Amino acid sequence: MSDTAKEPVLKAQHLSIVFGSLRAVDDFSLEIGESELVGLIGPNGAGKTTVFNMLTGVYQPTEGAYFLCGKKMNGKKAHQVVAAGVARTFQNIRLFKKMTVIENVKVAMNMHMSYSILASIFRTPKYWKEEAEMDAKAMELLKIVHLADKADYVAENLPYGQQRRLEIARALATGMKVLLLDEPAAGMNPTETAELLDIINVIREKFKISVLLIEHDMSLVMKICERIQVIDYGITIACGTPEEIANNPRVIEAYLGKDEEEVLC
Amino acid sequence: MKMPKEKLISYLINLVGIVVLFLLFVALFQSGVLGSRTNYVKGIFTTACYTIVLVASLNLLVGILGEFSLGHAGFMSVGAYASAIFTNALAGKGLSDLALFVLALIIGGVAAGIAGLLVGIPALRLRGDYLAIVTVAFAEIIRVAFCNFAITGGGRTISGITKLSNFYWCFWVMVICVTIMYMFVRSRFGRTVKAIREDYIAAAASGINVTFYKVLTFTISAFFAGIGGAMYAHYMTAMIPTNFNFNYSAELLTEVIIGGTGSFTGSIIGAAFLSSLPELMRQFSNYRMLAYSIVLVIVMIFRPGGIFGSWEFSLVRVLKKAKNGELFAKKNKGGAENE
């Protein structure tokens, strides 16, 4: 973490993954520096979520390697990748539906808790101390995503936009260095999207984390991303600042070309 | 940090509730109200005690982890045989009955726990129906193996096990077992296991080692099934491997589902009721499985989550209501293990 000047927080080198005869992602390289926000865009089925799945240990890349703070992460299981510092949200919300909002957050804190089974059975002081600490921490995170007053609601009863925010709070609770957001604004109305934008800015400032964002809402992507990488059919077709991407003829052709008005707005 | 005061008070209230319940039972049996039927009723209650432990341990799997096991009788039999062999070897060696009983329970629990660990590690890569099939297969393998080992009687009745289980001891063993399971569920462990039940992909993405917690829960569940089996062995004093057949596993599962998946209150009342029912209506005992299936179908139609769902009885809540005068004909039964 200290040698941030040179070492990117997350680095992917020539990642490829093959399913049968399909090359879903080919030669994907990416570097994210500390506190940087990078956008990953591309048409439907381009392989964006597959990239996420490779970076979080759900899939193992067929070729290539990826590094977190210089440490090679290939071959690690999903939960080990999270422990190392990469957390994500899901395109189709995956909350623990029958559990309360605060429980959802506390589940993600489990790896930072250390009391034993015996401590839980005998309700030792350590149990009470850790539970109280985690309660306080979870409430703090819920405040950031404006859900503090909903802490005891059952997660599935929350409206859609709040469920998305709860997923972000749960990812934050893992204490990660890199946050991967998979279409966080999908299905949100403009007000909710604006609120989400605020939240993303607040957490970047507060936790000094790097963010990789998949998003179809172009106005959001253009507004907050420092760099954008575009993939199509698993191949990176462009990289650059939002302005460069918006004017890149290959990008317009592959992705935005059909509806140029959407690019400009 | 100290225990919050209200929690301490609620634990104490529950403890008092359990002791009162126990004293009521003692009074019932000592007063001789039941006359010549005292021992018969005591026997039914003892049966209820070990059935509660078995059903609660299965509920840990079905209700909390969300996986079906149709082989719980297999783990129970491992515990029953291990403890029976142990006490047969040690009987009359100068150990007091209570010490022998406690040791037998521990041996039974540990043996079944090891079996659960060994089965769990490979089997828990599977989910849902496939896991259920593996557990059936395990229970059948155990049963057939016990039919062929000389040490387990080789298919004949293993008899002459010292009768150690009595109602008073079994009552406290039941209370302790269910309390331990309850405390486990209401901690970071239970929270994690529930998260795996809800969505194992999201659980892994929250840094949870899904396999570890599944195997852990499976092992703990098997451990308590083994304790239940040990109580059973020392109550029956004789058993054959066919006692632990598929029907018995299915019966336990029925009791979990009727009582309420995820509710220990449901397990306690479901097990107590359903295990004493066949005794109370002995003349209809042949129709028991028929009655079970009808009840199961009715429950599934009208209350898919079981009679109690995931609701837990709380003595403290009842007392609060009684104080505020809101209590309307609430029955104060089985106030065993609630915060």
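Residues are classed as buried under 20% relative accessible area, exposed over 50% and partly exposed in between (1.4 Å probe, protein chains only). The structure is a predicted model, in which local features need pLDDT of at least 70 and side-chain atom pairs count only at pLDDT 80 or more, while totals for chains, interfaces and linings use all residues. Residues are numbered from 1 along each chain as its sequence is written, chains are lettered from A in the order in which they are written, and side-chain values use heavy atoms, with hydrogens and water left out.

A:Arg23 belongs to strand E2 (residues 22-32) of chain A and A:Glu63 to strand E4 (residues 63-68), so the pair ties together parts that are 40 residues apart in sequence. Helices (H or I, at least four residues) and strands (E, at least two) are DSSP runs, numbered from the N terminus. A:Glu63 is partly exposed at 39% relative accessibility, and A:Arg23 is also partly exposed, at 35%.

A salt bridge also joins A:Glu156 and A:Lys98, whose closest N and O atoms are 3.5 Å apart. Both residues are in loops of chain A: A:Glu156 between helix H5 (125-144) and helix H6 (160-173), and A:Lys98 between strand E6 (86-88) and helix H3 (101-108), so the pair ties together parts that are 58 residues apart in sequence. A:Glu156 is partly exposed at 36% relative accessibility, whereas A:Lys98 is exposed at 53%.

In chain B, B:Glu67 and B:Lys214 form a salt bridge with a closest N to O distance of 3.7 Å. B:Glu67 is in the loop between helix H2 (38-65) and helix H3 (72-90) and B:Lys214 is in helix H9, so this pair ties together parts that are 147 residues apart in sequence. B:Glu67 is buried at 8% relative accessibility, and B:Lys214 is buried at 6%. Salt bridges that share partners link A:Lys106, A:Glu131, A:Asp135 and B:Arg191 in one network.

Between chain B and chain A, 33 residues of chain B are in contact (heavy atoms within 4.5 Å) with 33 residues of chain A. The two chains bury about 2,800 Å² between them, 64% of it on carbon and sulfur atoms; buried area is the accessible area (1.4 Å probe) that two parts lose on being put together, summed over both. Chain B and chain A share 2 salt bridges. The side chains of A:Glu131 and B:Arg191 form a salt bridge of 3.3 Å, N to O. On the side of chain B that touches chain A, H7(B) gives the most, with 8 residues.

The largest nonpolar core contains 153 residues, and those with the most contacts inside it are A:Val105, A:Leu142, A:Leu166, B:Phe171, B:Met231 and B:Met239. Such a core is a set of buried Ala, Val, Leu, Ile, Met, Phe, Trp, Tyr and Cys residues joined through side-chain atoms within 4.5 Å.

Terms used. A salt bridge is a side-chain nitrogen of Lys or Arg within 4 Å of a carboxyl oxygen of Asp or Glu.
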